[in-house]
Amino acid sequence: MTHPRHRLDSVIHSPARFSIMAALLAADKVEFRFVRDTVELSDSALSQHVTTLEQAGYVKVTKGQAGRRPRTWLSATKAGRTAFRDHLALLNELAGSGEQ
């Protein structure tokens, strides 16, 4: 039998990406700047993490305008929501079993 840690999602397990996904679960879509400020990342660091999440199919990026200003919105996909919940459940399972 393999250790449960092998089932952890390596894309979500990064502390920054875990925080991004947690922020996105609270709403249908969230503005890039809000996520940046909430998870305390630079624009470039957030962009890199979002690209990784987008390539995994966990995040959708939508660009548009709010007035004359360009805006970027982020949203967790159905697959991303499922992956995050599964990852969180596994962390809880590991914590509950005393595994480290």
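Before the sheet, a reminder to myself: two strands pair if DSSP finds at least two bridges between them. Helices (H or I, at least four residues) and strands (E, at least two) are DSSP runs, numbered from the N terminus.

Strand 2 and strand 3 pair in the antiparallel sense over eight bridges. In their hairpin, two residues lie between the strands, and glycine 67 takes a positive phi near 70°.

A note on provenance: this is a predicted model, in which local features need pLDDT of at least 70 and side-chain atom pairs count only at pLDDT 80 or more, while totals for chains, interfaces and linings use all residues. Residues are numbered from 1 along each chain as its sequence is written, and side-chain values use heavy atoms, with hydrogens and water left out.

I found three strands forming an open sheet in the order 1-3-2, with antiparallel pairing. Strand 1 (30-31) and strand 2 (59-66) are the edge strands, each pairing on one side only. Strand 1 joins strand 3 (residues 69-76) in the antiparallel sense over two bridges. Valine 30 is the residue opposite leucine 74 in strand 3. Helix 2 packs on this sheet and touches strand 1, strand 2 and strand 3 (contact means heavy atoms within 4.5 Å); its direction makes about 95° with that of strand 3. Axes here are lines fitted to C-alpha atoms, for helices over the stretch in contact, and angles run from 0 to 180 degrees between N-to-C directions.

Then I asked myself: at what angle do helix 2 and helix 4 pack? For helix 2 (residues 15-25) and helix 4 (residues 43-55) the angle is about 75°, with the axes 10 Å apart. That makes helix 2 roughly perpendicular to helix 4 (the word covers 65 to 115 degrees). On the helix 2 side I noted Ala16, Arg17, Ile20 and Met21, which meet Leu46, His49, Thr52 and Leu53 in helix 4.

Last, I stepped back to the chain. I listed five helices and three strands, running α-α-β-α-α-β-β-α from the N terminus on. The C-alpha trace spans about 55 × 25 × 20 Å along its principal axes. Of the 100 residues, 36% are buried (under 20% relative accessible area, 1.4 Å probe, protein chains only).

Terms used: Angles under 35 degrees count as roughly parallel, over 145 as roughly antiparallel, 65 to 115 as roughly perpendicular and the rest as oblique. Buried means under 20% relative accessible area, exposed over 50%, partly exposed in between (1.4 Å probe, protein chains only).
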